[in-house]
Amino acid sequence: MFTKSIVLVTALLSYSVQANDFGDPELGKMKSPSCIFCHSPTGPSTNNAYPSLSGQDPIYLFNAMKAYQNGERQSDYAEMMRAQLSKLNDQDLKDIAAFYSSQ
């Protein structure tokens, strides 16, 4: 039982270190002003058509944004997302992902 607890605590700590090292949430907040119109930074989206990003895994968010940038992700709003993300580099995306995952 003790060994399982140590493994669980170690896994949780290593995840939080990875998430925090992934990007800067404060910079992400500053880099995401257009995101908040559809994706509320403090809770569920106001429109069911837009997914809630708060608390999501930062790597998942980063990969989703990259897929939109590259035209690999298709949805009703794919072109709008691609346009919104077109001027952002990988560090910008990591910071935005860190911001939303920290909410």
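## Exercises on a predicted helical chain

The charged end of Lys94 sits over the ring of Phe62, at 5.9 Å from the ring centre, where a charge counts as over a ring if NZ of Lys or CZ of Arg is within 6 Å of the ring centre and within 35 degrees of the ring normal. The model is predicted, so that local features need pLDDT of at least 70 and side-chain atom pairs count only at pLDDT 80 or more, while totals for chains, interfaces and linings use all residues. Residues are numbered from 1 along each chain as its sequence is written, and side-chain values use heavy atoms, with hydrogens and water left out.

### Exercise 1. The chain as a whole

Determine how many helices and strands the protein chain has, and what share of its residues counts as buried.

Solution. Begin with the secondary structure, in which helices (H or I, at least four residues) and strands (E, at least two) are DSSP runs numbered from the N terminus. The protein chain has five helices and zero strands, and read from the N terminus the order is α-α-α-α-α. Next take burial, for which buried means under 20% relative accessible area, exposed over 50%, and partly exposed in between (1.4 Å probe, protein chains only). Of the 103 residues, 34% count as buried. The accessible surface, from the Shrake-Rupley method with a 1.4 Å probe and, for residues, with only the protein chains shown as cover, comes to about 6,900 Å², and 58% of it belongs to carbon and sulfur atoms. Finally, turn to contacts, meaning heavy atoms within 4.5 Å: among those between residues at least 6 apart in sequence, 70% join residues at least 24 apart.

### Exercise 2. The nonpolar core

Find which residues of the largest nonpolar core touch the most other members, and which helix gives the largest share.

Solution. A nonpolar core is a set of buried Ala, Val, Leu, Ile, Met, Phe, Trp, Tyr and Cys residues joined through side-chain atoms within 4.5 Å. The largest one has 15 residues, of which Met65, Leu85, Ala97 and Tyr100 touch the most other members. At least two residues of this core come from each of α3 (58–69), α4 (78–85) and α5 (90–101), and α5 provides the largest share, with five residues. In soluble globular proteins, nonpolar side chains tend to be buried together.

### Exercise 3. Aromatic pairs

Work out why the rings of Phe22 and Phe62 count as an edge-to-face pair.

Solution. Rings of Phe, Tyr and Trp (its six-membered ring) pair if their centres lie within 6.5 Å, and planes under 30 degrees apart count as stacked, over 60 as edge-to-face and the rest as tilted. A search of the whole structure finds three aromatic pairs. For Phe22 and Phe62 the centres are 5.8 Å apart and the planes stand at 80 degrees, so the pair is edge-to-face. This pair links distant parts of the chain, since Phe22 belongs to α1 (residues 2–22) and Phe62 to α3, 40 residues apart. Both Phe22 and Phe62 are buried. The rings of Phe99 and Tyr100, with centres 5.0 Å apart and planes at 70 degrees, are edge-to-face as well; Phe99 is buried at 6% relative accessibility, and Tyr100 is buried at 1%. Lys94 also lies over the face of Phe22, at 5.8 Å from the ring centre.
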